[in-house]
Amino acid sequence: DRKRLRRFLYRRHRRQVAQNVSRARIRVGGELATVKSTVRWLGILLDSQLTWKSHYNARIKTARNTIIRLNSLCRANGLPPALVRRIQKATVQAQLLWGAEIWWQGQKTWAQRIQILINKQARGITGMFPKTPIGALIREAALEPATVLMDARVARYTARLLALPDTHPTAQILPVTLRHGDLHAQPGEQPLDDREWASRDNKVLNRLGQRLAKHLAQRLNRDPSGGIERTEQCELQGFPGSIRVLDKEEALTEANQQRAGTTFWSDGSRLDTGRAGAGVTLQAVPGGPWEHVEVPMGHGHEVFDAELVGVATALEWALERQPLGPIWVLLDAQNAIDRLRSTRPGPGQALVLRAHKAAEKLALRGQPVTIQWVPGHSGIEGNEQADQAAKRAASKQTAPGFEHLSLAHVRRACTEARRAAVSEWAQINAVQGRHRDGRAYKMPRGWNLDPVAGKAPKRVASRYYQLKTGHAPIGTYLYRIGQRESPECQACKEPHETVRHVLFECRGRRAGRRTLYQALKKAGVPLPTAAEEDPEARLFAEPRATQGLLQFVAEANLFNDKERTAREAESSDAWGKLAAALFMDIEGAFDHVILAKLVEVLREASVDGDLIHWVTSFLSDRRVTLVIDGHVGKEVPISSGLPQGSPVSPILFVLYVHGLSRAIERSVPEVQCLSFVDDQGLITAASSVKEACRILEKAAEVAIEWGVANGVQFDRKKTEAAFFIDDTDVNIYSRAGYTPEMAKLKHHVSRCRRHARRINTDQAWEDYAEARKEMKRRTNELARDLHRQRIEQATESIDGFWRIARWVRNRGKPRATFTPTLYYNNTSYTAPKEKAALF
């Protein structure tokens with residue numbers, strides 16, 4: 001494609017070279033290649049100086065935009081934390097860290113910007129506040145800090161290069177002294193400058209291979225001078241025999257039975273000192289003595305390698321002994337058995353090739369080989385004998401041929417270095433112990449997301465994480481950030497509302513506390529005591545208590561605080577509001593498209609000029625003829641509209657009305673527009689029906705004005721409205737008629753009841769009864785007044801009379817006090833039956 005030819009020259013800061021670059025010309029097939037300051041190739045941006053800055057800035061921008069797009073999934077009514085975490089890692093981190101294996105060199109400023117995006121991911125996962133300590137935030141979200149994450153990617157990439165065959169061009173990036181070692185190298189056999197990676201200073205090396213090798217060597221706990229396990233490119237083949245992996249019960253039954261042929265038992269072991277060994281046992285005669293072969297492998301190998309060595313040794317021992325009948329090899333490592341199925345390059349390939357070669361020779365002698373899995377440490381004598389032989393071999397001096405490091409050991413070393421780096425970062429950044437305002441946080445074990453909290457609804461899980469870290473919408477925290485005038489508890493009027501008070505002391509949350517204690521007893525978690533210093537920190541750090549704490553959060557009315565801080569991650573949610581929608585239909589959609597307006601819209605959308613000319617030609621010089629009962633009318637020119645049935649018409653119409661949504665959302669920010677061809681949906685959230693109607697009416701006026709200016713008309717007969725209310729969060733105290741006066745009466749009744757229970761006197765109980773009567777009387781008065789007001793408003797229209805009639809008919813036995821007097825033909829009607837008879 002000659003139009004996509006690009007020329008790009010890489011240069012240093014040299015004036016003469018820069019002048020030559022400005023005059024450079026490259027022609028391909030008569031076409032001059034386009035000069036670009038930055039070129040994208042294989043997803044990586046390359047600038048003229050190869051500084052990676054352009055690529056890094058582009059990755060940061062793309063990841064930031066992705067986080068913004070995912071915000072709708074991370075709100076209080078969004079997905080559970082576990083799903084949000086999977087989405088964040090699969091999208092944001094995949095875009096952010098693309099190519100990091102090459103450009104990461106420990107840049108501190110670059111790591112800080114990446115850490116900021118990781119913090120945003122963590123807040124989206126957990127719903128924590130922006131001021132939450134970073135250590136607790138990253139740990140609860142089960143994410144890794146930027147430096148640890150980048151170092152781990154570089155180490156994993158280097159290990160992947162080592163697993164490639166030497167003939168692979170990518171594997172040749174790494175220095176020969178790392179891949180083959182220099183323990184037995186002769187003078188002049190290896191390049192003199194090939195050991196820069198072995199230096200112990202912190203100098204950043206220029207060459208990529210040397211930098212990767214040094215990065216990996218810093219994470220190995222053994223000297224790689226003996227080289228690292230090598231792989232080769234060979235034809236992929238399956239195991240020349242049979243492999244059997246049965247269920248545990250069936251495998252135990254067959255392991256204790258006698259089999260035709262000869263049975264070898266193999267096993268591998270790795271001691272705490274890091275030394276590995278393989279053992280093979282054989283009982284030639286049932287009930288006879290056990291024979292053993294022990295292979296000490298020393299340091300730098302894993303149990304996986306020892307298991308494969310055991311299988312290869314067992315088959316080679318069978319070739320040497322020349323027994324009769326089929327050959328059976330039983331071992332308790334399923335990962336080693338799976339590795340024997342293929343000769344693909346990777347960890348353990350050389351040992352797999354050894355085992356395949358021995359099995360092929362046995363098959364040529366007429367002795368089929370069967371590899372079978374047996375459960376380990378299940379009391380099977382053969383398996384126990386092989387395990388003891390492997391442990392004895394691991395304690396002996398290393399046998400020849402095992403001076404190198406295995407690829408499995410390299411991967412284990414990278415994993416251990418990653419865990420150690422995470423643990424060190426947590427010790428530095430995680431906040432531990434008791435803090436101001438009675439907050440306490442204890443770092444949980446491991447670095448995984450809590451499985452119970454990860455599956456909980458986001459609204460509940462967010463409050464759980466906030467209480468766990470102490471940064472929650474409670475009195476002490478809101479008072480500290482200036483969102484309340486005092487740290488008083490709104491539920492029981494105690495002077496200090498801390499996490500401990502909310503969980504164990506608040507009188508207004510007794511129901512949730514009973515649920516919490518029942519769940520703790522069921523899970524076997526000790527209940528908190530008065531003598532315990534930080535019971536809340538212990539419970540939050542106990543995985544068995546998570547379910548009970550989540551139930552407490554869901555039942556303890558922690559979502560209806562009116563003084564929500566603006567620092568909440570989910571502050572943009574419309575909790576407690578109702579949603580309203582107005583659906584409008586464009587009348588004669590295709591018939592009212594004006595060609596001049598359509599061309600203007602296409603030009604504003606930066607559509608190609610040739611395509612605009614084609615659209616103009618497509619919609620110009622059109623004529624229509626009307627045919628009735630065979631009579632053909634005159635041709636009439638058409639100056640507007642789109643042809644029905646054309647596949648192009650819906651696309652052009654969507655582009656034409658695209659400005660409608662933008663005009664509405666620009667004029668009425670509270671409204672969001674959804675459209676499908678000629679159907680327009682206007683959605684808003686408001687605290688009352690009246691407010692929602694006002695917003696939608698304003699949006700409808702903007703839509704009509706835009707339609708008049710663009711020749712679009714709306715079918716008013718098809719215009720419909722709907723209101724959506726979440727009844728699950730509604731309680732008796734949030735309904736209309738519950739005023740602050742009623743709240744005071746309710747609190748007064750509660751105080752009288754507590755006082756009566758405490759002193760237990762007749763006068764106290766009489767005061768409590770009087771308070772209840774007063775609250776009931778006042779409640780009825782408010783309900784009657786509100787009911788009369790609503791019905792009087794309804795009688796102002798004909799539709800309101802019909803609503804009253806349906807209400808009277810469906811009520812059964814209505815009371816006259818709740819239905820005002822109705823007037824009809826100068827006659828008043830008071831009784832419910834008389835009112836019903838009117839309709």
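Guide: One term before we start: buried means under 20% relative accessible area, exposed means over 50%, and partly exposed is what lies in between. Also, this is a predicted model.

Visitor: OK, so where does R544 fall on that scale, and what's its relative accessible area?
Guide: R544 has a relative accessible area of 43%. That lies between the 20% and 50% cut-offs, so R544 is partly exposed.

Visitor: Which side chain does R544 meet in a salt bridge?
Guide: That's E542, with an N to O distance of 3.1 Å. E542 counts as partly exposed too, because its relative accessibility is 22%.

Visitor: How many salt bridges does the structure hold?
Guide: There are 23. Take R244 and E254, whose side chains meet at 3.1 Å, N to O. R244 sits in strand 7 and E254 in helix 10 (residues 248-255), so this pair ties together parts that are 10 residues apart in sequence.

Visitor: And is E254 buried or exposed?
Guide: E254 is buried, because its relative accessible area is 19%.

Visitor: What does R321 form a salt bridge with?
Guide: With E291; the closest N and O atoms are 2.7 Å apart. Since R321 lies in helix 11 and E291 in strand 10, the pair ties together parts that are 30 residues apart in sequence. R321 is partly exposed at a relative accessible area of 36%, and E291 is partly exposed as well, at 29%.

Visitor: Which residues are linked in a network of salt bridges?
Guide: R270, E302, R412 and E416 are linked that way.

Visitor: You mentioned strands 7 and 10. What's the strand order in the sheet they belong to?
Guide: The order is 7-12-11-8-9-10, in an open sheet of six strands with mixed pairing. Strand 7 (242-244) and strand 10 (291-298) are the edge strands, each pairing on one side only. From one strand to the next, the twist averages 20°.

Visitor: Remind me, what do strands pair through?
Guide: Backbone hydrogen bonds, and the pairing can be parallel or antiparallel.

Visitor: How many residues of strand 12 are buried?
Guide: Five of its five. Both faces are covered: V369, I371 and W373 are buried on one side, T370 and Q372 on the other.

Visitor: What about helices, which strands does helix 11 lie across?
Guide: Helix 11 (residues 303-321) lies across strand 8 (262-270), strand 9 (276-282), strand 10, strand 11 and strand 12. Its direction is at about 150° to that of strand 8. Helix 14 (residues 381-394) packs on the sheet too, touching strand 8, strand 9 and strand 10, and makes about 140° with the direction of strand 9.

Visitor: Switching topic: which residues of helix 22 are buried?
Guide: In helix 22 (residues 546-555) they are T546, G548, L549, L550, F552 and V553.

Visitor: And what covers them?
Guide: The cover includes helix 16 (451-455), helix 17 (458-469), helix 19 (499-505), helix 20 (510-523) and helix 21 (535-541).

Visitor: Now the surface. Which residues form a nonpolar patch there?
Guide: V624, V636 and I638 do, with about 200 Å² of accessible area together. V636 is in strand 19 (residues 636-638), and at 43% relative accessibility it counts as partly exposed.

Visitor: Last one, the overall numbers. How many helices and strands are there?
Guide: The protein has 31 helices and 24 strands. Of its 839 residues, 43% count as buried. The protein exposes about 46800 Å², and carbon and sulfur atoms supply 51% of that. As for contacts with a separation of 6 or more, 67% are between residues 24 or more positions apart.

Methods:
Residues numbered from 1 in each chain as written. Predicted model: local features only at pLDDT ≥ 70, side-chain atom pairs only at ≥ 80, totals over all residues. Heavy atoms only, no water. Pairing = 2+ DSSP bridges. Helix = DSSP H or I, 4+ residues; strand = E, 2+ residues; numbered from the N terminus. Axes fitted to C-alpha atoms, helices over the stretch in contact; angles between N-to-C directions. Contact = heavy atoms within 4.5 Å. Patch = residues over 30% accessible without salt bridge, like charges linked within 9 Å, V, L, I, M, F, W, Y side chains within 5 Å. Areas by Shrake-Rupley, 256 points an atom, 1.4 Å probe, with all protein chains shown as cover. Salt bridge = Lys/Arg side-chain N within 4 Å of Asp/Glu carboxyl O. Buried < 20%, exposed > 50% of the residue type's maximum accessible area, 1.4 Å probe, protein only.
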